[in-house]
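Hi everyone, thanks for making time this morning. I'd like to walk you through one model, so let's bring it up on the screen.

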Amino acid sequence: MLSLPVLYAIPAFIVVLTIIVFVHEMGHYLVARWNGIAIQTFSLGFGPELVGFNDRHGTRWRVSAIPLGGYVRFVGDMNAASMPDPEATRDLPPEEQARLFVNKNVWQRIAVVVAGPLANVLFTFLVLYALLLGYGRYTIPPVIGDVVAGGVAQQAGLEPGDRILSVDGFDVRGFEDFQRLISTAPERPVRIVLERAGVDKTIVLTPDVAVETDRFGNAQRIGRIGVSRTIEQGDITLYRPSPVEAVAMTGEEIRFIVDRTAAFLGDFFVGRGDVQQLGGPVKVAKVSGEVATLGIVALINLAALLSLNIGIFNLLPVPVLDGGHLLYYIIEAVRGRPLSQKAQEIGFRVGFAIVGSLMIFTLLNDTLLEAFRHVS
């Protein structure tokens with residue numbers, strides 16, 4: 001008999017990914033329209049078209065068979081990766097030539113490229129802001145209760161009764177903030193500012209690595225320093241920020257996610273990364289199914305977090321990703337002319353190879369880890 005997460009996984013995954021892709025591609029689409037660019041196709045998914053229609057501007061809106069992404073294809077593009085096709089546009093009349101993406105100035109093209117990831121960030125901000133205003137947040141005082149003898153915290157000089165003020169420049173409003181900031185920094189030095197007897201002190205320490213299993217049986221690699229706090233009656237309070245304060249809190253939350261995502265990616269370049277923490281389509285589907293069992297609010301929150309991460313990923317300077325296009329256009333802006341068609345084609349081929357290899361690796365990694373987990 002299938003478990004609830006398995007039953008929910010596929011529809012939850014499709015819903016979450018479709019929302020994220022729609023937001024991302026709509027960013028490209030709107031800025032392209034505002035700049036007078038002719039748009040051929042707006043597609044949710046790849047492969048054969050399932051349903052679609054043409055709007056009054058001549059754009060084909062379609063839902064395709066493979067729900068693993070999407071694209072906005074401009075008139076004059078060779079493919080969905082926006083490689084220009086000079087032969088297909090050479091004989092177009094002047095008024096049509098003026099509406100081609102490739103013929104817009106470099107700053108307009110940069111704006112269109114940046115709009116996709118920016119839309120993901122804006123979507124994340126609006127969702128997290130609305131959830132914070134609507135539900136507030138439960139918190140407990142950020143005061144250390146117990147310190148494990150011989151642990152990282154004791155060796156660094158932390159003591160019971162210390163009030164944590166910030167970690168790595170992030171404000172700590174509750175003990176749950178402190179736990180999250182420490183747990184997301186395994187084997188990475190963190191800078192802790194605390195208050196002791198009315199005096200501020202700064203301590204730098206490096207959390208140990210621990211493996212923790214969540215309620216769904218997923219192993220997570222987290223940081224631990226050996227502190228705890230006993231929750232007493234009256235400790236837990238519901239904090240509801242004002243609309244203005246919620247803007248700052250949401251902005252800090254996004255800064256935290258970006259910071260930790262960058263640190264996670266950086267770990268792989270220095271040999272500290274854990275491949276089990278990488279996630280492809282299978283892992284995203286699995287997590288989506290698990291989160292769906294927690295309720296619609298949890299699923300919306302997951303969509304917002306994944307949206308931000310996809311926005312960040314798309315800004316990597318790899319051809320075929322938005323960051324690769326952005327790199328080309330920045331080079332063009334600096335040197336005053338675009339890279340040659342041949343150089344761009346070589347870059348796109350390399351980019352396809354990198355992204356394709358990463359997708360295959362994460363897919364195999366997800367599948368093998370899931371199979372091993374069930375066998376074990």
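Let me start with a question: leaving aside its neighbours within four places in sequence, which residues is Pro243 in contact with? Keep in mind while you look that this is a predicted model. The answer is Tyr129 and Leu133. If you want to find Pro243 on the screen, go to helix 7, which covers residues 243-269. Leu133 sits 110 residues away from Pro243 along the chain, yet their C-alpha atoms are separated by 6.9 Å.

Among the contacts with a separation of 6 or more, 63% join residues 24 or more positions apart. Of the 376 residues in the protein chain, 41% are buried. As for the surface, the chain exposes about 19900 Å², and carbon and sulfur atoms supply 64% of that area.

Now let's move to my other residue, His24. You'll find His24 in helix 1, residues 4-34. Is His24 buried or exposed? His24 counts as buried because its relative accessibility is 5%, and the cut-off for buried is under 20%. So what does His24 touch, not counting residues up to four places away in sequence? The list is Gly116, Pro117, Asn120, Asn314 and Asp322.

Terms used:
Residues are numbered from 1 along each chain as its sequence is written. This is a predicted model: local features need pLDDT of at least 70, side-chain atom pairs count only at pLDDT 80 or more; totals for chains, interfaces and linings use all residues. Side-chain values use heavy atoms; hydrogens and water are left out. Buried means under 20% relative accessible area, exposed over 50%, partly exposed in between (1.4 Å probe, protein chains only). Contact means heavy atoms within 4.5 Å. Accessible areas come from the Shrake-Rupley method with a 1.4 Å probe; for residues, only the protein chains shown count as cover. Helices (H or I, at least four residues) and strands (E, at least two) are DSSP runs, numbered from the N terminus.
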